[in-house]
Amino acid sequence: MLPSRRGRPARVTAFAALLLVTAAAGALAGCGDTGGLRDAGATAAARSPARLWPGLPPASSPAYDIGEVEHARVEGVAVPGGDIRGADPVAAVRAEIAAHPDDYAGTGARYHETSARMADCGTDDPENTGDAEDTENTEDTARDGCPVLRPYYRDLTGDGRPEMALGFRLLPGRLTAVRVYTVEKDRLVRVMSYDDAVSAVELAGRAVVVRSPSEVAGYEYRLQWTWDADQRAMLLTSDEMLRADDGGGDGDGDGDGHTGRPSPSASPSPSPSASSPSGDAP
C-alpha cells in the first residue's frame, strides 16, 4: 500500500518544535493569534515528463532555414567615431534595399513602393531620434511619406554602448521590417532582422519583443529576441501564442492574404500580414 501524501511529514525538526513551544507560550500569555503552523492540505504528486514515441529517430538538422542568426555588415554606412547615434538610419535602409534588388527594384518587386517612397526620406533628421524611454514629442517617421520609422537607442548587448532599433514599412502591403544594428570596429552591423505583420514592438530590458496578430480571436503572437555573445546576434529566445491584452489579435491579413504563425527572416521575404508598429518602448 502506498504511503499517504496528505498532511505534514511525520518527522518534525527541532526548529519546528521550537516554533510550537513558542506559539503555546504565547497563547498562555494571552497574546491573541499565535501564528502557529497550519496544515496546508494535500500536495499534488510530482510527475516526470512522459516521452512520446521513444523509437522515433532524432532529427539531425532543421527542416526549414528560418534565419535564426543574423550578423551582417552594412556596407556604405558611416559610423562617425564609432557612435551608432551618428549613423544615418535612412542610409541603412537604402543599403538593404540596394542589397536586395529582387525584392525592391521595379514595379514587379513585392516591396517596390518602399523603394519608390524612399525619395521622401531625404537624410535622417537628427531631431527625430531618441532613447527608448523617450516616446514623446516625436513623429514615427523621418519625413512625411517616408517608410522609415524613427530609430530608438538602447544597450541591448550589455557592452555599455547603445544599439539602434529601427523599423520600416514594406509597401504596398502592410508588413513591417524590424531591425537591430550594433557597431563593430566602427562598422555598422545588422544583428536582428524580422519581417511580419506587427502590432507593437517593445524593448524590455535587453530584449526586443515583437507582438503580431493571430488568426485565433483574442490571441496574439509574442516573439522575443535576446543578445547572444557567442553568435554575436539577437537570437529568437521565445515564441509564444498568448491571450491579447485588449482582446484583439484576430489579424486582418496583408495584401498576400497571409495571417498565419509568423516566422523570422534573415532577409526580406514574403511573410505575414501587417499593421504599423507603435515603435514606442516602455
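Biologist: Why is Tyr104 called buried?

Modeller: In this predicted model, Tyr104 has a relative accessible area of 1%.

Biologist: Thanks! Why is the aromatic pair of Tyr104 and Tyr111 called tilted?

Modeller: Their centres are 5.7 Å apart, and rings pair if their centres lie within 6.5 Å. The planes make 50°; under 30 degrees would be stacked and over 60 edge-to-face, so this pair is tilted.

Biologist: How many aromatic pairs does the structure hold?

Modeller: Two. The other step of reasoning concerns Tyr194 and Trp225: their ring centres are 4.8 Å apart and their planes at 55°, so that pair is tilted.

Biologist: What makes you say that the pair of Tyr194 and Trp225 links distant parts of the chain?

Modeller: Tyr194 sits in strand E6 (residues 187–196) and Trp225 in strand E9, 31 residues apart. Both Tyr194 and Trp225 are buried.

Biologist: Let's turn to Thr226. Why is Thr226 called partly exposed?

Modeller: Thr226 belongs to strand E9 (residues 219–228). Its relative accessible area is 25%; buried means under 20% and exposed over 50%, so Thr226 falls in between and is partly exposed.

Biologist: Which residues is Thr226 in contact with, leaving aside neighbours within four places in sequence?

Modeller: Thr226 touches Arg206, Ala207, Ala233, Met234, Leu235 and Thr237.

Methods:
Residues numbered from 1 in each chain as written. Predicted model: local features only at pLDDT ≥ 70, side-chain atom pairs only at ≥ 80, totals over all residues. Heavy atoms only, no water. Helix = DSSP H or I, 4+ residues; strand = E, 2+ residues; numbered from the N terminus. Buried < 20%, exposed > 50% of the residue type's maximum accessible area, 1.4 Å probe, protein only. Contact = heavy atoms within 4.5 Å. Phe/Tyr/Trp six-rings, centres within 6.5 Å; stacked < 30°, edge-to-face > 60°.
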